[in-house]
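Dear colleague,

Please find below the structure I wished to pass on to you. My notes on the chain follow directly after it.

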Amino acid sequence: NGNVCLRLDKLPKAEWTDADVVSDTGELVWSRAGRVTVATPRTEAIVAYPKGESSPDGFVAGGLSVRPVDKYQVVGASALDAATLRESSKVLFVHLSNMYNQDFAFDQPNWNCVKSWGHLPYLAECAAAEVTFKSAVKGLELLAIRYDGTAIRREEATYADGAYRFKLAVTPDREAVACYALVKPGTYEIDTKPLPPVKGLPVTEMTFTVKNVGKTAAKLELT
């Protein structure tokens with residue numbers, strides 16, 4: 001396919017500027033301002049920092065847009081069937097904020113040196129993003145999905161002007177997930193059984209500390 005492997009010291013010197021770095025196909029874009037976007041026929045994704053550049057519609061990758069971004073977040077969408085994203089009736093969404101083990105700790109204020117790797121359960125930093133997703137398929141529902149594939153609740157989503165609009169959020173008042181499915185009604189059965197509590201910790205809210213910097217977080221998963 002024409003790909004070759006080269007030693008790093010044999011590569012031509014890159015001239016870094018403030019301009020976006022764009023892949024040969026135009027599908028991958030990295031902005032020095034704090035934004036990475038992926039826009040392919042079957043996957044779209046946005047990696048954004050709060051101060052990254054954005055348009056009036058927020059951060060945009062193909063038919064996916066996210067706003068506002070108040071914390072570091074990743075939002076991605078992939079078609080799980082054979083269709084393109086615009087025609088898919090089974091779309092997996094991923095919403096990620098900063099995640100750490102319980103009692104994970106750094107030894108320096110700039111978070112460069114790990115003091116303790118911590119232990120399970122995982123903690124996810126609370127974050128929220130309003131998502132607009134262009135789709136030609138009406139009548140889909142949005143479900144929150146655990147890592148084992150279990151659907152645990154329906155999320156509010158509206159459809160108008162050829163796009164779904166909904167909010168993805170990690171909050172301390174409910175079980176946190178990182179995956180969502182936009183699917184036809186009846187695709188998944190909702191499992192309402194809560195996760196077992198963690199001994200000595202609240203079920204839905206906890207705090208982790210990084211060099212005396214407290215951050216509110218929600219439990220993401222128990223294993």
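Of the 223 residues in the chain, 39% are buried. Please bear in mind that this is a predicted model. The secondary structure consists of 20 strands and 0 helices. As for contacts with a separation of 6 or more, 57% of them join residues 24 or more positions apart. The accessible surface of the chain amounts to about 12900 Å², and carbon and sulfur atoms contribute 53% of that area.

Val66 counts as buried because its relative accessibility is 2%, where the cut-off for buried is under 20%. Leaving aside residues up to four places away in sequence, Val66 is in contact with Ile46, Asp57, Gly58, Phe59, Val75, Ala129, Glu130 and Val131. Glu130, one of these partners, is 64 residues from Val66 in sequence, yet their C-alpha atoms are 5.6 Å apart in space.

I also looked at the cysteines. The count of disulfides is 0, on the criterion that two cysteine sulfur atoms must be within 2.5 Å. Cys126 has a relative accessible area of 12% and is therefore buried. Cys113, with a relative accessible area of 32%, is partly exposed, since its value falls between the limits of 20% and 50%.

With kind regards

Conventions. Residues are numbered from 1 along each chain as its sequence is written. This is a predicted model: local features need pLDDT of at least 70, side-chain atom pairs count only at pLDDT 80 or more; totals for chains, interfaces and linings use all residues. Side-chain values use heavy atoms; hydrogens and water are left out. Helices (H or I, at least four residues) and strands (E, at least two) are DSSP runs, numbered from the N terminus. Buried means under 20% relative accessible area, exposed over 50%, partly exposed in between (1.4 Å probe, protein chains only). Contact means heavy atoms within 4.5 Å. Accessible areas come from the Shrake-Rupley method with a 1.4 Å probe; for residues, only the protein chains shown count as cover.
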